[in-house]
Amino acid sequence: MQPALVLALLHLNQAFHAPRTSTLRAAPLKATDSSVCALLSLNARGVTKRAVAAAEEELGAENVFATKSLTEAHVAAKKIYERRYKTVVACGGDGTLGALLRDLSQEYATIDDLPAICTLPLGTGNAVSRYALGRHYRRWCGSKGVRKACAALKNGVNATLSVPVLSTDQNELCFIAGQGFDAFL
């Protein structure tokens, strides 16, 4: 069976339609006071002081990890694992999500044990966010999007989307695969 990354879906607006080709999990995730955290990459284009402040106001400063380097992101992933968060709000782009996935997969026994991840489109490349959030993904940008997502996820995750993840020869995980010439390589 191919491993899959579980994305927490934000579908507060009625315009969201889940992609037809992926598997939706039926069981909702129940939230507790400290089951949601946010990881914000301070290097991402859309992550501002206001976005960090919005996450801290909604989740509490102890549940927010604002990182500037891969080393800091790795330390944050260790804390996410140690505190056993059920949902992680990844604020950045595809690079932030990829680094988070890599770091968390080193901590957890299997990819199925990873927390659900809600990815917000705050980076330069936001392919996974666009896929998970649907055509109105821009509604989740900026500090307002961070605040809205954190507030919604504190109440629990209504649906999740399993996204296939590829494993490399070095047992590293990646969530993006090419369909053109790069797929041939």
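**Close-up views of a predicted model**

Asp-103 is buried, and its relative accessible area is 2%. The model shown here is predicted.

**View 1. Asp-103 and the residues around it.** Asp-103 lies in helix α3, which covers residues 94-107. With a relative accessible area of 2%, Asp-103 counts as buried because the cut-off is under 20%. Leaving out residues up to four places away in sequence, Asp-103 touches Leu-70, Ala-73, His-74 and Ala-77.

**View 2. Helix α1 packed with helix α5.** Helix α1 spans residues 49-59 and helix α5 spans residues 142-154. The two axes are 8 Å apart and form an angle of about 20°. α1 is therefore roughly parallel to α5, since angles under 35 degrees count as such. The crossing of α1 past α5 is right-handed.

**View 3. Residues in the contact of α1 with α5.** On the α1 side are Arg-50, Ala-51, Ala-54, Ala-55, Glu-57, Glu-58 and Leu-59. They meet Ser-143, Val-146, Arg-147, Cys-150, Ala-151 and Lys-154 of α5. The residues of this contact comprise seven nonpolar, one polar and five charged.

**View 4. The protein chain as the setting for the close-ups.** The protein chain has six helices and nine strands. Of its 185 residues, 49% are buried. Among contacts in the protein chain with a separation of 6 or more, 75% come from residues 24 or more positions apart. The chain exposes about 10,000 Å², and 51% of that area is supplied by carbon and sulfur atoms.

Note on methods:
Residues numbered from 1 in each chain as written. Predicted model: local features only at pLDDT ≥ 70, side-chain atom pairs only at ≥ 80, totals over all residues. Heavy atoms only, no water. Helix = DSSP H or I, 4+ residues; strand = E, 2+ residues; numbered from the N terminus. Buried < 20%, exposed > 50% of the residue type's maximum accessible area, 1.4 Å probe, protein only. Contact = heavy atoms within 4.5 Å. Areas by Shrake-Rupley, 256 points an atom, 1.4 Å probe, with all protein chains shown as cover. Axes fitted to C-alpha atoms, helices over the stretch in contact; angles between N-to-C directions. Parallel < 35°, antiparallel > 145°, perpendicular 65-115°, else oblique. Left-handed = near helix turned anticlockwise from the far one by under 90°. Nonpolar A, V, L, I, M, F, W, Y, C, P; charged D, E, K, R; others polar.
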